[in-house]
Amino acid sequence: MLDLFKLGEKGAKKKSKKEIEARVNQMLERSIISEDVIDVFDSLGIQRPDVSILSDEFLEEVRHLQHKNLAVEMLRKLLEGNLKVMEKSNLVKSEKFSEKLKKAINKYRNQAITNAEVIEELIKMAHEIKQAKKEEQALGLNSDEIAFYTALTSDEIVKQMMGDETLKKIAQELTTAIRNNITIDWSVRKSAQAGMRRIIKRLLKEYDYPPKQAKEALEVVMKQAELMCENM
């Protein structure tokens with residue numbers, strides 16, 4: 001198992017487990033583990049793990065930390081970092097996981113669940129994020145296409161009704177059409193937005209996207225298109 005206490009900065013003097021435990025106790029006594037905290041990793045002299053990975057070994061190490069409230073804070077900060085990266089490219093997915101994280105932390109702060117229970121919820125969420133990435137890779141789409149695919153399938157019943165292949169085609173055509181029609185100021189010009197809406201509606205109708213879900217899909221796709229524009 002990966003030893004969390006050996007994750008020191010490369011070339012830097014590593015702190016002993018005893019030193020880290022003493023630092024943790026000091027932080028806890030001063031109530032530093034709070035909403036305003038701090039970089040826990042820097043405070044402990046521990047190398048910050050890659051938020052895009054959250055390996056099973058690291059998660060297991062955090063699960064067994066003696067100071068459970070420290071473990072909660074570390075997991076919260078790591079997941080928030082992961083979601084900040086996610087929200088730059090995939091609106092629906094980032095909102096979905098952000099809401100789950102918010103609910104879990106609120107339950108914990110309201111003492112509806114114990115620190116051990118919230119740790120398990122956060123670790124489960126980390127695994128779900130990793131699994132979602134694997135499923136996206138299996139689709140064979142680029143990041144923009146995946147974002148539109150996610151927008152189109154925000155209602156799970158759509159995936160059941162239409163199937164992956166058709167939804168992938170719509171996502172690919174949406175990506176191409178939106179890239180070709182986005183202008184620098186389209187997000188603030190009503191005429192440009194109206195044109196974009198017509199393109200999206202036409203594609204949804206062409207592929208027999210369920211009418212009941214089409215209105216919501218249009219709005220979600222428009223938001224994702226705006227995000228794409230901001231990133232261009």
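1. Lys168 touches Leu139, Leu141 and Tyr149, leaving out residues up to four places away in sequence; contact here means heavy atoms within 4.5 Å. This is a predicted model, where local features need pLDDT of at least 70 and side-chain atom pairs count only at pLDDT 80 or more, while totals for chains, interfaces and linings use all residues. Numbering starts from 1 along each chain as its sequence is written, and side-chain values use heavy atoms, with hydrogens and water left out.

2. Staying with Lys168: this residue sits in helix α9. Its relative accessibility is 15%, so Lys168 counts as buried (buried is under 20% relative accessible area, exposed over 50%, partly exposed in between, with a 1.4 Å probe and protein chains only). Gly140 is 28 residues away from Lys168 in sequence, yet their C-alpha atoms are 9.0 Å apart in space. Gly140 belongs to the loop between α6 and α7 and, at 60% relative accessibility, counts as exposed.

3. On the overall layout, the protein chain has 11 helices and zero strands. Helices (H or I, at least four residues) and strands (E, at least two) are DSSP runs, numbered from the N terminus. Of the 232 residues, 43% count as buried. Among contacts with a separation of 6 or more, 68% come from residues 24 or more positions apart.

4. Helix α7 (residues 143-152) deserves a look: nine of its 10 residues are buried, so α7 is largely enclosed by the rest of the structure. The buried set includes Asp144, Glu145, Phe148 and Tyr149. The buried residues of α7 pack against α5 (91-109), α6, α8 (156-162), α9 (164-181), α10 (190-206) and α11 (211-231).

5. Now the cores. The largest nonpolar core has 33 residues, and Leu152, Leu174, Ile178 and Tyr209 have the most contacts inside it. Such a core is a set of buried Ala, Val, Leu, Ile, Met, Phe, Trp, Tyr and Cys residues joined through side-chain atoms within 4.5 Å. Two or more residues each come from α7, α8, α9, α10 and α11, with α11 giving the most to this core, nine residues. Beyond four places in sequence, Leu152 contacts Val158, Leu167, Ile170, Ala171, Leu174, Leu204, Tyr209 and Val221. A second, separate core of 26 residues includes Leu54, Val62, Leu65 and Leu75.

6. Lastly, Ile157 in helix α8 is partly exposed, with a relative accessible area of 37%. Ile157 and Pro210 are 53 residues apart in sequence, with 9.5 Å between their C-alpha atoms.
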